[in-house]
Amino acid sequence: MDPSSTYRVQSKSTTSNNGSLIQESPEGDKYIDLGKKKRATVRSFKGSTFVDIREFYGDTEQSMKPGKKGISLALDQWEVLRSSASAIDELFAVEQKKK
């Protein structure tokens with residue numbers, strides 16, 4: 001990956017001083033790599049802004065294309081999900097104890 005296509009943005013998290021790595025696709029889209037060919041992108045569509053969490057396919061960074069599997073969250077939905085992070089962490093912990 002070309003180092004000029006990535007840069008660090010200071011995280012707005014109150015619990016960490018680490019930055020979030022924002023990458024840029026060859027098409028100019030900025031995204032957060034979630035691993036396993038999944039990306040989070042903020043984009044506009046028909047005048048509304050969404051957080052798009054989507055699975056991508058392809059062999060190389062230059063050939064990555066968005067797949068059908070994914071979800072787009074409007075700002076109000078994103079805020080509910082973000083504010084529910086602690087509850088989701090608790091649910092993860094409960095499920096992990098079952099294993």
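Ile88 is partly exposed, with a relative accessible area of 31% (buried means under 20%, exposed over 50%, and partly exposed in between, with a 1.4 Å probe and protein chains only). The model is a predicted one, in which local features need pLDDT of at least 70, side-chain atom pairs count only at pLDDT 80 or more, and totals for chains, interfaces and linings use all residues. Residues are numbered from 1 along each chain as its sequence is written, and side-chain values use heavy atoms, with hydrogens and water left out.

Ile88 belongs to helix α2, where helices (H or I, at least four residues) and strands (E, at least two) are DSSP runs numbered from the N terminus. Together with Leu81 and Phe92, Ile88 forms a nonpolar surface patch of about 260 Å² accessible area.

Lys37, in the loop between β3 (30–35) and β4 (38–45), has phi near 60°, a positive value in a residue other than glycine. Lys37 is partly exposed, at 43% relative accessibility. Lys46 sits in the loop between β4 and β5 (48–57), and its phi is also positive, about 50°, although Lys46 is not a glycine. With a relative accessible area of 75%, Lys46 is exposed.

Terms used. Patches are made of residues with over 30% relative accessible area and no salt bridge: like charges are joined within 9 Å, nonpolar side chains (Val, Leu, Ile, Met, Phe, Trp, Tyr) within 5 Å. Accessible areas come from the Shrake-Rupley method with a 1.4 Å probe; for residues, only the protein chains shown count as cover. A salt bridge is a side-chain nitrogen of Lys or Arg within 4 Å of a carboxyl oxygen of Asp or Glu.
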